[in-house]
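Morning, everyone. Please bring up the structure on your own screens, and we will walk through it together.

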Amino acid sequence: MGVWWDFIKSLCVETFPPKAKWTIDQVPKLDGKVFIVTGGNSGLGLATVQVLSKHGAKVYMASRDENKAKAPLTRPLFLKIDLADLNSVKEAAQEFLRLENRLDVLYNSGGVMIPPLTDLTKQGYDLQFGTNVLGHFYLTKLLLPTLVSTAKSSPDGHARVITISSGAHHLHGINYKTLKDGPERSKETPDSLYAQSKYGDIVFAKELYRRYASDGIVSLSLNPGNINTNLQQHLGSFQKKMIAFMMYPIYPNGVATHLYAGTSPDAVNLNGKVNQGGLRLGPAQDSQDPKIGQELWDWLEEQVSGL
């Protein structure tokens, strides 16, 4: 009952969000700060890139296809990455570190939602968990030394990692037998595997906080709410019609949760917490167990060991 009640509360906030207490007009000047936004060439990622750039930030738009990135690319810089390929993630991190010696904010914003069950990552992981969780973990791991050194030199003593989750996380735990293709995974649906990946994102963000808060790392996960983006591209036409009434545009408030988490001075006080659409804190009690965090971290480390 507790998990379902948390989900219902989250869904109500997303469907009928309260008036925002913070808007994108409050984004501060960001001159001298360096950002990476994965999935930065479309949807909420693109909107985040655009607003950050307008406020003076140096922004790396991290995505797979440079041609798709060229249209919106003005001031932002392109960083080629395929989160569904761990070798590509490593190459992207190496390229960024060749160009920069600081990173103020990493947005783990790219992702996939309910693709065909047959879709896997380059290394054979479930596409949703492999992209949404494992790929972002590996990128974060490779950039952590730079994030920590940036925190030490920053006026407020912090650098941030923002990981995007969803209210769907309330409906799943982690079944490690489903993270690679096999009999157990074949019993799941794309929807349940999506919920699992979003649960994993929150667990990862919380565990990152536990391990690195003392080094100045602010780790937040967030639920942006029901925002109309191309993330819903795999939904059927009937499903899209069914949820149309509860979907909200990216501007002006759809992207606000992203920007609050990554730029507001007040957000550092929410370290380790979940920021929800409507700028309320989501509950997510079912994903905060340190034992679950330790188990996921150990599994993630094992997958990238030796790469």
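One caution before anything else. This is a predicted model. Every value I give is computed from it.

So, the overall picture. The chain has 307 residues, and 55% of them count as buried. There are 11 helices and 8 strands. Now take contacts between residues at least 6 apart in sequence. Of these, 74% join residues at least 24 apart.

Let's go to the strands. Begin with strand 4, residues 105–108. Which sides of strand 4 are covered? Both faces are. Val105 and Tyr107 sit on one side, Leu106 and Asn108 on the other, and all are buried.

Strand 4 has strand 1 as a partner. The two pair in the parallel sense, over 3 bridges. Find Val37, and you will see that Val37 stands opposite Tyr107 in strand 4.

Strand 4 also pairs with strand 5. That pairing is parallel too, with 4 bridges. Val105 has Arg160 as its bridge partner in strand 5. Tyr107 has Ile162 as its bridge partner there.

Ala159, Val161 and Thr163 point one way. Arg160, Ile162 and Ile164 point the other way. All of these are buried, and Arg160, a charged residue, is among them.

Next comes strand 6, residues 217–223. Strand 5 pairs with strand 6 in the parallel sense, over 6 bridges. Here Arg160 returns. Its bridge partner in strand 6 is Val218.

Ser264 touches Trp22, Arg160 and Leu259, leaving aside residues up to four places away in sequence. Where is Ser264? It lies in the loop between helix 10 and strand 7. Is Ser264 buried or exposed? Its relative accessibility is 2%, so Ser264 counts as buried. The cut-off for buried is under 20%.

Now a loop glycine. Gly39 is in the loop between strand 1 and helix 2. Its relative accessible area is 23%, so Gly39 is partly exposed. Which residues does Gly39 touch? Beyond its sequence neighbours up to four places away, the contacts are Gly45, Leu46, Ala62 and Gly110. Gly39 and Gly110 are 71 residues apart in sequence, yet 3.7 Å apart in space, C-alpha to C-alpha.

Most residues other than glycine have a negative phi. Ile114 does not: its phi is positive, about 40°. Ile114 is in the loop between strand 4 and helix 5. Its relative accessible area is 11%, so Ile114 is buried.

Over to helix 7 for Tyr199. Its relative accessible area is 4%, so Tyr199 is buried. Tyr199 and Phe129 are 70 residues apart in sequence. In space, C-alpha to C-alpha, they are 9.7 Å apart.

Last stop, the cavity. How many cavities of 30 Å³ or more does a search of the whole structure find? It finds 1. The largest cavity holds about 30 Å³ of space. Helix 5 and helix 7 are the elements that give two or more residues to its lining. Among the lining residues are Pro115, Pro116, Leu117, Leu127, Pro190 and Leu193. Asp119, Asp126, Gln128 and Arg185 also line it. By class, that lining divides into 6 nonpolar, 1 polar and 3 charged residues.

To recap two places to look at again. Arg160 in strand 5 is buried and touches Ser264. Ile114 is buried and has a positive phi. That's my tour. Thank you.

How values were computed. Residues are numbered from 1 along each chain as its sequence is written. This is a predicted model: local features need pLDDT of at least 70, side-chain atom pairs count only at pLDDT 80 or more; totals for chains, interfaces and linings use all residues. Side-chain values use heavy atoms; hydrogens and water are left out. On a 1 Å grid over the protein atoms alone, a cavity is a set of points where a 1.4 Å probe fits but cannot get out, and a pocket is an open set with protein on both sides within 12 Å along at least five of seven lines; lining residues have an atom within 4 Å of a point. Grid points are joined across faces, edges and corners, and a volume is the space filled by probe spheres set on the points. Buried means under 20% relative accessible area, exposed over 50%, partly exposed in between (1.4 Å probe, protein chains only). Two strands pair if DSSP finds at least two bridges between them. Contact means heavy atoms within 4.5 Å.
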